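Take a look at the structure, then read on.

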Amino acid sequence: MYDFLQQIWPTLWPTLAAIGVILAFVPVLGLYMTFIERKLAAYVQDRLGPNRVGPFGLLQAIADAIKLFLKEQVIPDHVFKLLYFIAPTLSLMTAMFALVVMPFGPVPTDYTSGFRYIVAPGIDIGIMMMIAISSLSAYGIILGGWASNNKYSLYGAIRSCAQFISYEIPLGLSIIGIVVAAGSLNIEHIVAAQGGDFWNWNIFWQPLALIVFFTSALAETNRLPFDLPECEQELVGGFHTEYGGIKFVLFFLAEYTHVVTVSFLTALLFFGGWHFPGLSGPVDAGLGGMLLRTFVLVAKVSMVVAFIMLLRWALPRFRFDQLMGLAWKGLIPLGLVNLVCVAVVFTFDLPKHLLSFTAVFLFVASLISARNLQSTINMPRSAGRPKAGSILSEVTV
Amino acid sequence: MDYQFTEPTWQLGMITPIVLGALAYLLLQHGVLAKSKQLMAAGVISFCGAIVFAIGFAPSTMESVMLMCFCSIATAGGISFLVAREPVYAALGFATAVLSTCGIMFMQSALFLAAATMIVYAGATIIIFLFVLMFAQQTQLRTYDVQLTHPVVAAAIGAVLLITITMCVTGAKGIKLASPDASRPYSGAVLPEDLRSSAAIDFLKTQPIESMSVPGTTAGLGRSLYTDYLIAVELAGAVLLVATIGAIALAQRPAENLS
């Protein structure tokens, strides 16, 4: 046994260390993201935000955590107990499980020894694995909503079902172009393909894919423009109405973990990962270079996180038909158009930066939708009704 | 990669548990229906015998222990799918079975297959099931839902099917691995780095067919799918397209139903 351990130790300890990093950081990150979100919200709304506990209110997050942990565990009479307790843990479990294949720092090209900033390096299907696992994250919300055994929670769960299934399609479509260019589903390879020149970052030749990816990934996090499963004004809180204390925290830890995952994916897939002008090339530097690259990646990620948080105060919530219309009539066609353009460019060996013109399609799409909106507003009420014949024609925007 | 076990004991160890399991199933079924404790006890004993037999003949490596864990979880999920009173629990049992099957695929390095199964079945299909089940009324199950019509036939067919599969997979005259056709340029064989260079293709053509193994990578799988199995993939795509059009046609509601 000892010999066996000694034999596998060089590959075991980096894995354990990476798991440790994730296990340690997710709760802390969750706590402090609530704090940052409150501060940002306060600045947006011209308030001060939490500033009483500790310097600049920094200990507010800890105080909140203690409060939530010490709350009484209220268990309503009418819930289905087993699923009621499983749902929040399932939610957090799937959210954290997706981090297994996500690099949180520069993955060294030779990952057989030393710390490697990822739990499972060299997984052949990295990005697909992430999509597969995050597609399971609907279970937590759905089961939570169903087990709560009340109408509003069930409505939240059903909305969440429809939303998850719809937005998975554009999410998958949007990354195919990048996968084609990198020739691999492995996230490390995709990042490596963006090395070298600054203009190699995927955003400069896949702007349309970025928009489609970011929108649909945001929808999968249940954040504000897309938070119909939990909208307070219509559903009292949706799927988490019956949850309090630590069970509620688990749901929201999962949501913040999703936000972090989405930000990491956006930074890794579109913004060059740990590459930066003057800091590109293969990852073989010493400790300093590694730390610098980690810093670059984390800085990009925090910018995306801040953007997501600001988005919350910039966009109102969608109506449900608008939500479905955006996925089925907006993002999926745009994703398909992008896919066709990528296929054409790579088949005829054209320079791939021609593809930056796919951004034009965004304006075309917005023009079409604006025209539709205009005609709906100007039309008399009876004419503006949806035509029979298509299930999708109920959507007017 | 030694796929071909021919030792007779191994096959005995595979077939006996299947027969015992089928027997246990029948005994339990009859025992529950007739409310006879002797029959149920005999069924449980037979089931335990099947498990002991299977464990006794299986190799006791780390891998097979993990395999057995996944298999038992999958079986438990399948059983709960069949016997659950609440449809939601049945769907969850199905999800458990699918996910643990994905675990087995991961163990066999079939990563792409595992991820695709997770997305398609666990991520989409079962969630749609749940979607429908949530709307379904929570009433008592009908009697025809819980009663089997032909348990003996079902058990016999199941046992024969399982025995056939094990014979096919493990026997000496079993299924052979398909060897890719090296005469075609992009066949699913291990290729040198640059796919587009003709030198690589020329190099490939000089290689003997024995050296071409089906590669375990996702890239190799893709290459194999779009060369060796191109017609099957195209046909599947056509069928899916037809199904999509059919779904849209079926989903159209008559005009008077729209309020």
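## A helix pair in chain A

Helix 4 (residues 126-135) of chain A packs against helix 6 (residues 151-182) of chain A at an angle of about 175 degrees, their axes 11 Å apart. So helix 4 of chain A is roughly antiparallel to helix 6 of chain A (angles over 145 degrees count as that). Axes are lines fitted to C-alpha atoms over the stretch in contact, and angles run from 0 to 180 degrees between N-to-C directions. Helices are DSSP runs (H or I, at least four residues), numbered from the N terminus.

Helix 4 of chain A brings Ile127(A), Ile131(A) and Ser135(A) to the contact, while helix 6 of chain A brings Glu168(A), Leu171(A), Gly172(A), Ile175(A) and Val179(A). Contact here means C-beta atoms, placed from the backbone, within 7 Å.

This is a predicted model: local features need pLDDT of at least 70, side-chain atom pairs count only at pLDDT 80 or more, and totals for chains, interfaces and linings use all residues. Residues are numbered from 1 along each chain as its sequence is written, with chains lettered from A and ligands numbered from 1 in the order written.

## A helix pair in chain B

Over in chain B, helix 4 (residues 87-107) and helix 5 also pack at an angle of about 175 degrees, with axes 9 Å apart. That makes these two roughly antiparallel.

## Where the chains touch

The contact takes 24 residues from chain A and 20 residues from chain B. Helix 5 (residues 111-135) of chain B gives the most to chain B's side, with 13 residues.

Note on methods
Two residues are in contact if their C-beta atoms, placed from the backbone, lie within 7 Å. Angles under 35 degrees count as roughly parallel, over 145 as roughly antiparallel, 65 to 115 as roughly perpendicular and the rest as oblique.
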